[in-house]
Amino acid sequence: MGNSIGSGSSPMTPASDPAIINRFFSSSAWIEGAALDQLDEMSRLPGVSEIAAFPDLHPGKYGATGVAVLSSRLHPLLIGNDIGCGMSLFGLDLPLRKLKIDKAVERLRRLEMQAIGDTGERLAEAGLPADLAPDALGTIGGGNHFCELQAVEDLAEGGRSAGLDDHGLYLLVHSGSRSLGAAVFSQTVTAHSGLAAGLDPGSETGAAWLARHDRCVAWASLNRRLVAVRAAASLRADLRLIADIPHNLVRRSERGFVHYKGAAAVAPGELAPIAGSRASLSHLVVASAGVSRSLGSISHGAGRKYDRATMHGRVGRNRSEREQLLRNPWGGIAICDDRALVVEEAAPAYKDAGQVVSDLEREGLITMLASLRPLVTFKKAVDEAEVEQRRRKPDHRREGGRGHERY
């Protein structure tokens with residue numbers, strides 16, 4: 001059985017009738033039984049009337065991830081702490097023929113050290129308070145977040161009109177609201193013991209949460225843009241936005257509130273990235289008119305196949321294996337100095353994004369425009385000041401050794 005939707009030992013308040021569950025995936029999709037159990041639990045939440053489930057579906061802490069949920073009530077637990085998390089794709093004015101991967105790795109290691117100007121002014125320009133978590137802006141975070149330099153592998157009909165070509169370089173940024181969203185979620189959980197029943201959107205409490213949620217969504221979008229600004233500065237390039245699609249949020253609709261839990265919120269004709277892993281292709285798609293059947297939503301990525309704890313027993317058992325995990329079949333390199341993260345985010349942890357795209361196309365939700373291969377994936381670099389300090393220490397005082405490798 002999957003994780004309970006409720007918090008702690010509080011039972012979930014059941015709805016009178018289960019919601020309709022529409023499954024937009026084929027029998028070829030890798031779907032865990034625990035995720036299906038969670039879908040059933042979510043269908044019984046108060047106010048929930050319809051659920052759309054996608055081929056990247058997998059178990060989550062407060063319900064299955066890879067779903068869109070229509071409800072007359074607000075369910076903060078479904079959105080979780082990374083409010084506004086999403087994917088943004090940018091084009092660079094740097095031609096692929098001029099790229100030297102080793103040099104790009106060297107420059108992108110300093111991505112989060114690049115200046116982005118006055119963050120208070122950046123926030124104000126986005127219509128946000130100047131003191132809204134300014135120090136966290138332009139940072140990626142941990143887990144499955146990343147900034148990836150990509151090149152086109154395959155270009156389908158319509159891809160060129162979307163602004164892609166075989167000779168360019170692109171940035172895919174996956175990040176969210178960082179400490180801001182975490183604080184909003186923590187305060188909400190602490191203040192409301194019966195949160196499993198959801199919030200009345202017409203109440204003062206519901207309206208207050210929704211307003212804070214909206215600010216997190218706007219902050220997260222700005223954060224992705226500033227991550228890309230830093231990456232472009234590292235590579236000495238200019239950038240242009242191709243798509244910015246959130247997948248962890250609530251949107252009002254004529255029928256209620258749609259909760260996108262790890263599902264990309266799209267309208268017909270809108271471009272959207274669907275991420276693979278750091279050793280597999282990502283894809284750019286355009287949403288079709290069919291997304292009206294899926295609550296205006298599609299998959300945002302491949303989805304996890306194995307959880308983080310399980311991955312530690314599957315790959316990266318020694319230094320050689322971990323070093324291999326940082327490279328991919330196209331000669332690409334991942335920048336990740338957290339040994340545990342290297343293992344937990346290894347390509348085998350994820351489903352086949354190509355299968356996800358095929359299922360979505362078969363359901364009439366999207367048209368595929370392009371596939372992009374990963375060249376440099378930035379996840380986490382050690383602090384440069386710390387590295388320099390360690391270098392200056394006498395050998396016998398340095399931390400580490402054979403039993404303490406860092407990657």
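Biologist: So a pocket is an open set of grid points with protein on both sides within 12 Å along at least five of seven lines. How much space lies in the largest pocket here?

Modeller: About 1200 Å³. Keep in mind that this is a predicted model.

Biologist: How many residues line the largest pocket, and which lie nearest its centre?

Modeller: The lining has 50 residues. Nearest the centre are His58, Thr65, Asn144, Arg304 and Arg308.

Biologist: What classes of residue are in that lining?

Modeller: It has 22 polar residues, 14 nonpolar and 14 charged.

Biologist: Which helix or strand gives the most to the lining?

Modeller: Helix α5 does, with 3 residues. Several elements supply at least two each, among them strands β2 (48-58) and β5 (146-155) and helix α7 (308-311).

Biologist: Stay with α5. How far does it reach?

Modeller: From first C-alpha to last, α5 reaches 21 Å with its 14 residues. That is close to the 20 Å expected at 1.5 Å a residue.

Biologist: Which residues of α5 are buried?

Modeller: Leu180, Gly181, Val184, Phe185 and Thr188. They cover an arc of only 125 degrees around the axis, which puts them on the same side of α5.

Biologist: Why do residues three or four places apart point the same way in an α-helix?

Modeller: Because an α-helix has 3.6 residues a turn.

Biologist: And what do the buried residues of α5 pack against?

Modeller: Against α2 and α6.

Biologist: OK, α6 then. What span should it have, and what does the model show?

Modeller: Helix α6 runs over residues 204-234, so 31 residues at 1.5 Å each should span 45 Å. Its end C-alpha atoms are 45 Å apart, which agrees.

Biologist: What happens just after α6?

Modeller: Arg236 takes a positive phi there, about 60 degrees.

Biologist: New topic. Is Leu89 buried or exposed?

Modeller: Buried, because its relative accessibility is 2% and the cut-off for buried is under 20%. Leu89 lies in strand β4, residues 86-92.

Biologist: Now the whole chain. How many helices and strands are there, and what share of residues is buried?

Modeller: The chain has 11 helices and 15 strands. Buried residues make up 54% of its 407 residues.

Biologist: And what share of contacts links residues 24 or more positions apart?

Modeller: 80%, counting the contacts with a separation of 6 or more.

Key: Residues numbered from 1 in each chain as written. Predicted model: local features only at pLDDT ≥ 70, side-chain atom pairs only at ≥ 80, totals over all residues. Heavy atoms only, no water. Helix = DSSP H or I, 4+ residues; strand = E, 2+ residues; numbered from the N terminus. Expected span 1.5 Å × (residues − 1). 1 Å grid on protein atoms, 1.4 Å probe; cavity = no way out; pocket = protein on both sides within 12 Å on 5 of 7 lines; lining within 4 Å. Points joined across faces, edges and corners; volume = space filled by probe spheres on them. Nonpolar A, V, L, I, M, F, W, Y, C, P; charged D, E, K, R; others polar. Buried < 20%, exposed > 50% of the residue type's maximum accessible area, 1.4 Å probe, protein only. Arc of directions from axis to C-beta. Contact = heavy atoms within 4.5 Å.
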